[in-house]
Protein chains: 2
Amino acid sequence: WVGNAIDGHVRLIDQTRLPTEFVRIDCRDVSSVWEAIRSLRVRGAPAIGIAAAFGAVLGGQKAGTGDLDSLRRGLLDASAYLRTSRPTAVNLFWALDRIERTIEENRGLDGPTLLERVLTEARAIADEDKVMCRSIGRFGAELVGTGQGILTHCNAGGLATADYGTALAVIFSAHSAGKAVHVFADETRPLLQGARLTAWELQRRGVPVTLICDNMAAQVMKEGKVQMVIVGADRIAANGDTANKIGTYGVALLAKAHGIPFYVAAPSSTFDLSLPDGSSIPIEQRDPREITQGFGRQTAPEGISVYNPAFDVTPAQLIDAIVTERGLIRPVDAKTIRKTLGPPRSSQS
Amino acid sequence: WVGNAIDGHVRLIDQTRLPTEFVRIDCRDVSSVWEAIRSLRVRGAPAIGIAAAFGAVLGGQKAGTGDLDSLRRGLLDASAYLRTSRPTAVNLFWALDRIERTIEENRGLDGPTLLERVLTEARAIADEDKVMCRSIGRFGAELVGTGQGILTHCNAGGLATADYGTALAVIFSAHSAGKAVHVFADETRPLLQGARLTAWELQRRGVPVTLICDNMAAQVMKEGKVQMVIVGADRIAANGDTANKIGTYGVALLAKAHGIPFYVAAPSSTFDLSLPDGSSIPIEQRDPREITQGFGRQTAPEGISVYNPAFDVTPAQLIDAIVTERGLIRPVDAKTIRKTLGPPRSSQS
């Protein structure tokens with residue numbers, strides 16, 4: 001967020017332009033934030049939640065602080081609209097829940113103060129996210145042995161959060177502790193977040209990284225190059241079933257077949273305890289052209305049928321531990337999850 | 001092959017241009033055939049062998065038929081050179097072995113007749129390949145149930161052979177028999193042979209096909225959309241361990257995890273009984289730029305380290321059957337392979 005509540009705006013790195021261009025975009029209205037989330041200019045479960053929270057403030061700005069009803073409606077309409085940007089990552093809904101609760105709990109305030117208060121809540125979501133990243137990094141680093149090869153899928157790094165990531169926080173933290181890790185980054189078709197974003201983040205921070213195609217993961221495991229797998233998450237059900245970028249479930253099965261531990265790193269805001277298991281997590285289906293024309297060139301025949309789910313669900317029994325900012329969840333089951341998360345986070349803030 | 005032995009030439013479909021352009025290229029010297037194989041303008045184990053056999057004839061042409069020693073040297077040098085084009089698919093070496101044996105066995109002939117005889121051998125390799133495809137299709141179709149979903153990886157179709165393929169022959173044959181199959185084609189990074197070639201071949205022949213990214217295979221299996229997997233092969237060791245396009249080993253593990261049968265379709269010329277198992281099959285490493293700049297756009301940071309093996313080896317125990325032109329090999333083990341293949345094919349021709 002740049003500037004004050006009344007005329008500030010949201011500034012984002014346009015992740016679709018990486019790694020060849022580092023471009024920041026300024027979003028000055030709700031629809032441009034919605035578009036940035038939908039088109040993955042901003043992506044990663046925590047980062048989506050933060051962007052949406054700030055986006056709601058823009059809705060309030062537009063309505064103006066003169067008329068309190070109109071301001072509240074502007075904020076709530078923006079929140080409702082931003083909820084439609086992407087369906088799977090629960091952090092989006094969690095963050096907007098917090099924004100709406102803030103509006104509700106501050107009924108007595110005047111317009112300018114209410115808008116200020118909502119911006120403060122959005123900033124708090126971002127600030128807590130930074131603390132969360134560091135905490136996940138610290139807890140997760142315990143899982144990493146010196147000299148290990150670590151495979152990751154998609155991007156759960158700084159670009160996906162307000163700080164230095166979830167899965168990548170674990171890697172950065174282990175690297176900083178001198179554990180001499182080597183990362184294998186799945187390129188992650190169709191949108192290549194691994195090649196474009198994870199490889200870029202690791203390279204910038206000096207962590208040794210080798211880029212592979214998704215279909216090479218089994219081979220590097222077989223060759224003994226990988227001793228653990230760690231990925232992020234978009235939504236985790238009460239029993240530990242985890243939705244994450246398409247391909248994660250396959251990687252988890254391959255890790256199991258090679259006896260390699262498979263870990264998920266995610267903040268408590270990624271848990272959706274209202275869902276008993278992963279079967280009811282909504283899976284976003286995306287444009288077939290991401291697959292057929294993803295490289296700027298047509299790579300499949302005209303008119304071909306395409307299946308393009310953006311996420312899959314990894315069953316809890318394939319996950320050896322979930323790293324949260326509150327500690328490790330191990331074994332991954334409903335009881336341990338409840339115990340680790342404690343009372344719902346939103347009621348603590 | 002277009003024209004006669006003295007001044008004819010090799011004509012190939014340039015597979016790197018598909019599916020958006022259908023372009024034929026004419027190769028009039030050995031080095032252009034070598035380049036076409038190396039750069040995957042012609043690819044697929046059987047097709048490589050056929051192209052190389054015809055390529056050797058071009059070496060003889062250049063030497064001329066006037067001096068017999070010079071002709072023989074031209075043919076043998078061409079054969080030796082073509083052997084260096086790609087290391088993994090054994091059909092290349094098998095076909096050139098036949099060419100060299102033909103040269104050896106016809107020492108008594110004059111120049112023009114020898115060149116003619118070598119061309120005849122190359123044509124025989126191509127013609128036998130056509131018969132082989134039909135035979136594999138027939139044997140393999142028995143494995144296919146009505147209404148089944150079939151997943152395939154890379155391209156083992158008409159483009160990879162002289163006729164309608166190995167793995168795809170099975171699918172075409174089942175489709176022709178009215179079995180209402182539906183194919184899921186892995187796009188097959190980095191060079192997208194699945195998206196560009198398999199999807200194109202199936203679409204042209206009216207077989208229902210859905211294109212997926214490699215990392216979606218586990219998900220379509222989990223959703224119950226796939227009842228069998230069938231792929232081609234580049235080299236099969238005496239115990240049944242099978243080298244095929246990178247990603248095949250992972251698909252085999254995923255099929256196992258879902259209880260889905262995994263089949264390989266390949267002619268007897270793809271077996272290399274001199275290797276006891278897959279550990280000694282040479283695996284080609286290809287240019288990192290295939291991954292980082294595969295389709296004209298840079299998709300990874302400058303200077304990133306990349307691992308790009310072109311093949312992997314699927315252990316025999318993950319393969320439920322191998323479909324050859326001589327029948328099904330099931331179970332896949334050294335004894336059944338020896339029994340099915342009988343005496344080495346080359347001594348029968």
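Modeller: Tyr81(B) is partly exposed, with a relative accessible area of 36%; buried means under 20%, exposed over 50% and partly exposed in between, with a 1.4 Å probe and protein chains only. Trp34(B), by contrast, is buried at 18%. This is a predicted model, in which local features need pLDDT of at least 70 and side-chain atom pairs pLDDT 80 or more, whereas totals for chains, interfaces and linings use all residues. Residues are numbered from 1 along each chain as written, chains are lettered from A and ligands numbered from 1 in written order, and side-chain values use heavy atoms, without hydrogens or water.

Rings of Phe, Tyr and Trp (its six-membered ring) pair if their centres lie within 6.5 Å, with planes under 30 degrees apart stacked, over 60 edge-to-face and the rest tilted. Over all chains, nine aromatic pairs are counted. One of them is the stacked pair of Trp1(B) and Phe54(B), with 5.8 Å between centres and 25° between planes. Trp1(B) belongs to the segment before strand 1 (10–13) of chain B and Phe54(B) to helix 2 (residues 45–63) of that chain, 53 residues apart; helices (H or I, at least four residues) and strands (E, at least two) are DSSP runs numbered from the N terminus. Both Trp1(B) and Phe54(B) are buried.

Trp34(B) and Tyr81(B) are also stacked, because their ring centres are 5.3 Å apart and their planes at 15°. Since Trp34(B) lies in helix 1 (residues 30–38) and Tyr81(B) in helix 3 (residues 68–82) of chain B, the pair ties together parts 47 residues apart in sequence.

Charges also sit over rings, which requires NZ of Lys or CZ of Arg within 6 Å of the ring centre and within 35 degrees of the ring normal. The charged end of Arg134(A) is 3.8 Å from the ring centre of Tyr164(A), over the ring. Lys222(A) lies over the face of Tyr249(B), 4.5 Å from the ring centre.
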